[in-house]
Amino acid sequence: MKAKFPLVILAAATTALVVTQCAPFKKKSATVMAPKHNLQSQGLTAPSGTQLSYSHANVTGPYIAITFDDGPHASLTPRLLDILAARNIKATFYVVGDRVRMYPAITRKIAAGGHEFGNHTWTHPMRPSTWADAPLRSEIQRTHDVILANSGAAPLSYRPPGGSVSPHQKQWLFNDFGYPTILWAVDPNDWKRPGAAVVTQRILSATKPGHIVLAHDIHPGTIEAMPATLDGLLARGFRFVTISQLIGMGGTPGHVAVVTDPKQLTLSFGPGSF
Ligand SMILES: [Zn+2]
């Protein structure tokens, strides 16, 4: 694991992490078991007031998080990883489980680059907010397992396809998987393929400190847009962190720390945060 979690995590989370990492990769099964670290199995639920979803974080520095959905892609994701590495930028990848299965080597390369994973379901259904719990939980569990098995790193948050999520789903995603639900503040609509220059302009004009930027690493124009986009954001003074780092900086009810330097992060979200 590439130390995705911040340095200090409460004992419960540390235990959960060990349990998760040591568990053998589950073969496909008709019965989906909730992860062993879920709070409900311990008689716990997220306390009222816990923030379950984010489109931005309230940070005190110029920090932003850029996210890439729907990959891995056979050629575009490796190109993107080179672009990110050349700028020492860490991003968060909301990968699709079935594509992780197809591209395990690229998944490992994402992890090797120091990036963070998020869970974006197994099949990318269009309206998951309308799904019953059991089939959606199965998608989430399979995706969690395949990312962990192929990269050694667990996904740390959930992004619903299309932003489609119900309040009830947010609650069990957090209770059972430790996932906050991550939406976005900046949407360049790059999936409509408006052209690289338009993607760049939209992101540069809309991004503010604490924002979560949405993009997709399966569209050529998005990848073409990234050098100018990332250089433009850096030139404006923004600094890139992963989603867990950004949320950790912003704090949530129950958190006491406001951290402005990612190197000093000591708190994170999830079941171990309270
Ligand atoms: Zn998506």
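Modeller: Contact here means heavy atoms within 4.5 Å. This is a predicted model, in which local features need pLDDT of at least 70, side-chain atom pairs count only at pLDDT 80 or more, and totals for chains, interfaces and linings use all residues. Residues are numbered from 1 along each chain as its sequence is written, and side-chain values use heavy atoms, with hydrogens and water left out.

Biologist: With which residues is methionine 226 in contact, leaving aside its neighbours within four places in sequence?

Modeller: The neighbours within four places in sequence are set aside for this list. What remains for methionine 226 is Ile66, Phe68, Leu80, Ile83, Ile203 and Asp231.

Biologist: How many residues has the largest nonpolar core?

Modeller: A nonpolar core is a set of buried Ala, Val, Leu, Ile, Met, Phe, Trp, Tyr and Cys residues joined through side-chain atoms within 4.5 Å. Buried means under 20% relative accessible area, exposed over 50%, and partly exposed in between (1.4 Å probe, protein chains only). Ile66, Phe68, Leu84, Phe93, Phe117, Met226 and Leu230 have the most contacts inside the largest core, and its residues number 34.

Biologist: Which other core lies apart from it, and of how many residues?

Modeller: The other core includes Val59, Tyr63, Ile182 and Ile243. Its size is 13 residues.

Biologist: At what angle do helix 7 and helix 8 pack?

Modeller: Helices (H or I, at least four residues) and strands (E, at least two) are DSSP runs, numbered from the N terminus. Axes are lines fitted to C-alpha atoms, for helices over the stretch in contact, and angles run from 0 to 180 degrees between N-to-C directions. For helix 7 (residues 196–206) and helix 8 (residues 220–235), the axes are 8 Å apart and the angle is about 35°.

Biologist: Is isoleucine 223 buried or exposed?

Modeller: Isoleucine 223 lies in helix 8. Beyond its neighbours within four places in sequence, isoleucine 223 is in contact with Leu76, Arg79, Leu80, Ile83 and Asp217. Its relative accessible area is 1%, so isoleucine 223 is buried.

Biologist: Which residues coordinate the zinc ion?

Modeller: Donors are N, O and S atoms within 2.8 Å of the metal (3.2 Å for Na, K and Ca); water is not among the atoms, so sites may look incomplete. Along the chain the donors follow the spacing D-x49-H-x3-H. At 2.0 to 2.1 Å, the zinc ion is coordinated by Asp70 (OD), His120 (NE2) and His124 (NE2).

Biologist: Why does histidine 124 count as partly exposed?

Modeller: Histidine 120 counts as buried because its relative accessibility is 2%. Histidine 124 counts as partly exposed because its relative accessibility is 22%.

Biologist: What is phi of threonine 121?

Modeller: Threonine 121 lies in the loop between strand 4 (116–119) and helix 5. Threonine 121 is buried, with a relative accessible area of 0%. Its phi is positive in a residue other than glycine, with a value near 70°.

Biologist: Where is proline 72 found, and which omega has the peptide bond from glycine 71 to proline 72?

Modeller: Proline 72 is found in the loop between strand 2 and helix 2. The peptide bond from glycine 71 to proline 72 is cis, with omega near 0°.
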